[in-house]
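I wrote down what I looked up and what I found.

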Amino acid sequence: MKKNNGKPGLHVLVVSVMLLAGFFACIAFVPSATLAQTRRGIITIDAPGAVNTVVTAINDSGVITGFYYGGSGDSHGFVRSPDGTFVLFDSPLGGAPNPTSINNAGVITGFYGDGNFGAFGGSHGFVRTPDGTLTSFDAPIDPANPMPGTTPYSINSRGQIAGTYSVNCSDAQLAISPPVFPPCNNGFLRQPDGTITTFSAPNFQGGMLAARMNESGAIAGYFFDGQYEHGFLGAADGTFAILDPPPGSPGSRNTSIAGINSSGEIAGSFTRFTDTSNTPHNFVRSPHGAFTVFDPPGACPGSFHLAYALSDSGTVAGVYNDCIHDYSYTFVFLRFADGTFASFFPGLNSGYQVVAGINSSNAVVGTYKDGNGGLYGYLRPGNAGN
C-alpha cells in the first residue's frame with residue numbers, strides 16, 4: 001500500500017516538464033466499468049521500495065527510466081528493463097537524480113541538485129551509460145550569476161544532449177512580471193566528447209526551454225519574448241526558425257513544443273491570439289512547414305488538452321478532459337499519423353495523469369496519482385499500427 005509522504009509529485013522541470021508538466025483534473029464519478037475498459041492492458045510501474053514512482057522516458061527497446069521516493073523521503077533514479085527488472089542508481093554529491101531522457105543505446109541524461117544556492121539548489125547535468133558509469137557536467141556558468149542551472153532534456157542515439165542552463169539577466173529581463181525562474185535561460189548542445197555550445201532565440205526575454213532533439217541533432221523548444229511564448233526550431237546546420245502555428249490570421253500565442261521526430265515532424269500546443277479563454281489546441285508541423293491543427297474527439301469545450309510527446313511513427317500523445325454524461329475526467333489520447341485517435345485511462349480512482357514519452361512502437365509511459373495520493377508510473381504497450 002502506498003502512502004503520500006508529502007513529497008512533491010512530478011518534480012521534473014517540465015519534463016520536464018514536460019516536460020513533463022503537472023495538472024489537476026476535475027475529480028468526478030465515472031462508472032468503474034468504463035474506466036476499467038479504457039485501462040485494459042496498462043502496466044503499472046512501481047520501483048522496489050518506492051512510496052512514489054515517477055516515470056520520465058522510454059526508448060525504442062522499451063527500456064524505461066525515472067525516479068522514485070523511498071519511505072524515508074530519499075530519492076533515487078531507476079532503469080526498468082522490458083522484462084520488469086529494475087536497476088537503481090544515485091547521482092554524484094548525493095543529490096537526487098531526475099532522469100529526463102534515454103536513447104536507444106540505453107544512455108540516460110538528466111539533472112540533480114547539489115543542495116546549494118538557496119531553496120531551489122543548484123542543478124547539474126549528468127550522463128549515465130548502461131554499465132552504470134555516471135558523468136556530471138555543467139554548461140558555461142556566468143561569473144556574474146554563478147548559480148549552476150544545467151538542465152538536460154533530451155539525448156539522441158549519437159549521444160548529443162540538448163537542454164537549458166541559467167545565465168545572467170539584463171535589467172530588462174529582470175523587470176519581467178511575473179519573473180522567470182531560473183532568472184534567465186539559454187539553450188545548450190553537448191557533444192559526446194563533452195564539448196558544449198550555447199544558443200539563444202532572437203528577442204528572447206528571460207526564459208527558454210530546449211525541450212526535444214531528434215537523431216540528426218535538430219532541436220525544438222520554446223522561449224519567452226516578454227509577452228508570449230513562441231516555438232523554435234534549431235536545425236542541425238545551425239539555422240534558427242520561429243514556429244508559431246498556424247500561420248496567418250488570427251495567429252497564435254503561447255506555443256509549447258512536445259517533440260520532434262527523426263522525420264523532422266514537430267508536435268506541440270498553442271492558444272489562438274484572439275481567444276480570451278486561453279483554450280489550448282494541438283498541432284503537428286510537417287518537415288516542410290505545413291501545420292495540422294487538432295483537438296482530441298470528446299474533449300470538453302474550453303478544457304485542458306495538450307500534446308506532450310511525438311513518436312518517430314508520427315503519433316502524438318497527450319492528455320485531455322473527457323466529457324461524457326456530464327462527467328469530467330482526464331484521459332490520455334493518441335493521435336496516429338493517419339489522423340485517427342485512441343484514448344486510455346492510466347489509473348483507476350485517479351484524476352491526475354501525465355504523459356512522459358512515446359517510442360517508435362507507440363508504447364506510452366507516464367505517471368498517475370491514485371485515490372490515496374500515491375504516484376505510480378504506467379506503461380501502455382504499443383505496436384507499429386496503433
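Is Ala309 buried or exposed? I looked it up: Ala309 has a relative accessibility of 6%, so it counts as buried (buried means under 20% relative accessible area, exposed over 50%, partly exposed in between, with a 1.4 Å probe and protein chains only).

Before going on, I noted that this is a predicted model, in which local features need pLDDT of at least 70 and side-chain atom pairs count only at pLDDT 80 or more, while totals for chains, interfaces and linings use all residues. Residues are numbered from 1 along each chain as its sequence is written, and side-chain values use heavy atoms, with hydrogens and water left out.

**Entry: Ala309**
I placed Ala309 in strand β22, residues 305–310 (helices, H or I, of at least four residues and strands, E, of at least two are DSSP runs, numbered from the N terminus). Leaving aside neighbours within four places in sequence, I found Ala309 in contact with Ala258, Thr315, Val316, Ala317, Val355, Gly357 and Ile358 (contact means heavy atoms within 4.5 Å). I also looked up Val365, which is 56 residues from Ala309 along the chain; their C-alpha atoms are separated by 10.0 Å.

**Entry: confidence**
I looked up pLDDT, the predictor's confidence in each residue, from 0 to 100. The protein chain averages 79, and 74% of the residues score at least 70. Where pLDDT is low, the predicted coordinates should not be read in detail.

**Entry: Arg80**
I found Arg80 in strand β4, residues 75–80. Arg80 is buried yet has no salt bridge (a side-chain nitrogen of Lys or Arg within 4 Å of a carboxyl oxygen of Asp or Glu). The nearest side chain of opposite charge is Asp83, 7.1 Å away (Lys and Arg count as positive and Asp and Glu as negative; His and the chain ends are not counted). Beyond four places in sequence, the contacts of Arg80 include Ile43, Phe86 and Leu379.

**Entry: aromatic rings**
I counted rings of Phe, Tyr and Trp (its six-membered ring) as a pair if their centres lie within 6.5 Å; planes under 30 degrees apart count as stacked, over 60 as edge-to-face and the rest as tilted. By this rule the count comes to 16 aromatic pairs. Why is the pair of Phe199 and Phe232 edge-to-face? Their ring centres are 6.3 Å apart and their planes stand at 70 degrees, so the pair gets that label. Phe199 lies in strand β13 (residues 196–199) and Phe232 in strand β16 (residues 229–234), so the pair ties together parts 33 residues apart in sequence. Phe232 is buried, at 0% relative accessibility.

I then noted one aromatic cluster, formed by Phe294, Tyr320, Phe331, Phe333, Phe341 and Phe345. The charged end of Arg335 sits over the ring of Phe294, 4.9 Å from its centre (NZ of Lys or CZ of Arg within 6 Å of the ring centre and within 35 degrees of the ring normal).

**Entry: Asn362**
Most residues other than glycine have a negative phi. I found that Asn362 is not a glycine but has a positive phi of about 70 degrees. Asn362 lies in the loop between β26 (352–358) and β27 (364–369), and is buried at 1% relative accessible area.
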